Amino acid sequence: MPALHNLIIIGSGPAGLTAAIYSARAALEPLVLAGEPSSTGDQPGGQLMLTTDVENFPGFPKGIMGPELMANFRSQAERFGAKFETTKVTSVDLSQRPFKIWTDRPHDGEADYEAKSIIVSTGAKSVMLGLDNETELIGRGVSTCATCDGFFFKDQEIAVIGGGDSAIEEATFLTKFASKVTIIHRRDELRASKIMQERAFANDKIEFLWDSEVHAINGTEQLESIDVVNNKTQEKSTLAVTGLFIAIGHRPNTDLFKGQLDTNDKGYLLTNSPATSTNVAGVFACGDVQDETYRQAITAAGSGCSAAIDAERWLEDQHDA
Amino acid sequence: MSDTIENLTEASFDEAIKNDLPVLVDFWAEWCGPCRAVAPILEEIANEHGDKVVIAKVNVDENPALSVRFSVRSIPTMLLFKSGEEAKRIVGAKNKAGLLKELEI
């Protein structure tokens, strides 16, 4: 029989780790299933593992590196007894209590873990373009991680796709290396915050291609160019670039819970806001996996705190009943 | 860091990949989050499977010519050399099971 845990937290970004800190201090002895290494935001520590300076997390007036911030979150949770496993959940059964969790293999046989309550904080991951060649050229010019790969594009011309905060932040970061960064955006204005926009507009290495979409990625061994079409004039052009950084948005990591937890039409988990409870009693959700609106480290952390308190109260009620 | 993992340089690289065992070379840097996640896994593999594979590292900051020579444009990238020839390229962080599968261990 797998050991029965009071609380299992799935995911270890700001939301999951804040839930771990609070629930560990409440003596729930939480187990965090932290995820597994990858070069996407879907990894232990979450999307902040792919960032450099985090300038807007309160308490760090000079900013802090994303991976360092997440290491701090984790050691704070460990200090109060939270346990961690570097493993990725592959399947859950929320139809019976205790809830059942399988990792690293399909749903068969005895579960790997059992839990009285679960906090889901699996976050979100970058959306890819879905073009031919895209996956083949990852690591050969196509990148999902500017902080990992920017270094290799010294004095080269590259492109960033997207118009939100992460696209503009990546583009600005990449000007440290590249000779020219073209931001390709499908609208004629940016969604990014004012401060990020002003920084990008003031940067003479950054150029903009407005109303434009990439419809082909060219290259065999290495990325050579991309084909761009203007979605207003239908005018086509080819841009010679050696690097392409994709930052067109995120998708919540909820495939795991399909058919068991209610989501909206974009896949975000639905909670009984302001509470973090889901449609399954004893299962709570926090962070980007349930937040289509704010998606900030601090809002994720805040909702992680709420989820821990909700889980603690729910477990107490079960005990009393 | 494990004693069994050698940090290769531009000077020592060619000699190091000439080995009867396959040599897995991890291109990495301090500032790369996913590289840090892979490092302890590579140490475990070096300690547990040292009889089947040699693990080595290249710091891309200190050895830019090696990244250029092997067209490394993303880290972590792990190159597997057999008899001194590049036999496989693994791009991006992977878990231990995934790496062992790539190494056919």
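In the predicted model, A27(A) is placed in the loop that runs between α1 and β2 (31-33) of chain A. Although A27(A) is not a glycine, its phi is positive, at about 65°, and the residue is exposed, with a relative accessible area of 59%. Most residues other than glycine have a negative phi, and most peptide bonds are trans. With regard to the peptide bonds, a cis bond joins R97(A) and P98(A), with omega at about -5°, and P98(A) is found in the loop between β6 (89-93) and β7 (99-103) of chain A. In chain B, a cis peptide bond joins I75(B) and P76(B), with omega at about 0°, and the place of P76(B) is the loop between α3 (64-69) and β4 (77-82) of that chain.

Two packed helices are described by the angle between their axes and the distance between the axes. The axes of helix α1 (residues 14-25) of chain A and α6(A) come within 7 Å and cross at roughly 35°, and the crossing in which α1(A) passes α6(A) is right-handed. On the side of α1(A) the contact is made by P14(A), A15(A), T18(A), A19(A), Y22(A) and S23(A), and on the side of α6(A) by A297(A), A300(A), A301(A), G304(A), C305(A) and A308(A). Divided by class, the residues of this contact comprise nine nonpolar, three polar and no charged.

Helix α4 (residues 165-174) of chain A packs against helix α5 (residues 194-202) of chain A at an angle of about 35°, with the axes 10 Å apart, and α4(A) passes α5(A) in a left-handed crossing. Here D165(A), I168(A), E169(A) and T172(A) of α4(A) meet M196(A), Q197(A) and A200(A) of α5(A), a contact that contains three nonpolar, two polar and two charged residues. Helix α4(A) is mostly covered, seven of its ten residues being buried, among them A167(A), I168(A), F173(A) and L174(A). The elements that cover these buried residues include α3 (146-149), β11 (157-161), β12 (180-184) and α5 of chain A.

A search of the whole structure finds 13 aromatic pairs over all chains. One of the aromatic pairs is formed by F151(A) and F152(A), which are edge-to-face at 5.1 Å centre to centre, with 90° between the planes; F151(A) counts as buried at 11% relative accessibility, as does F152(A) at 8%. F284(A) and W314(A) also form an edge-to-face pair, with 6.4 Å centre to centre and 70° between the planes. This pair links distant parts of the chain, since F284(A) lies in strand β19 (residues 283-285) and W314(A) in helix α6 (residues 297-320) of chain A, 30 residues apart. F284(A) is buried at 4% relative accessibility, and W314(A) is buried with a relative accessible area of 15%. In chain B, ring pairs link F13(B), F27(B), F70(B) and F81(B) into a cluster.

Methods
Residues numbered from 1 in each chain as written. Chains lettered and ligands numbered in written order. Predicted model: local features only at pLDDT ≥ 70, side-chain atom pairs only at ≥ 80, totals over all residues. Heavy atoms only, no water. Phe/Tyr/Trp six-rings, centres within 6.5 Å; stacked < 30°, edge-to-face > 60°. Buried < 20%, exposed > 50% of the residue type's maximum accessible area, 1.4 Å probe, protein only. Helix = DSSP H or I, 4+ residues; strand = E, 2+ residues; numbered from the N terminus. Axes fitted to C-alpha atoms, helices over the stretch in contact; angles between N-to-C directions. Left-handed = near helix turned anticlockwise from the far one by under 90°. Contact = heavy atoms within 4.5 Å. Nonpolar A, V, L, I, M, F, W, Y, C, P; charged D, E, K, R; others polar.
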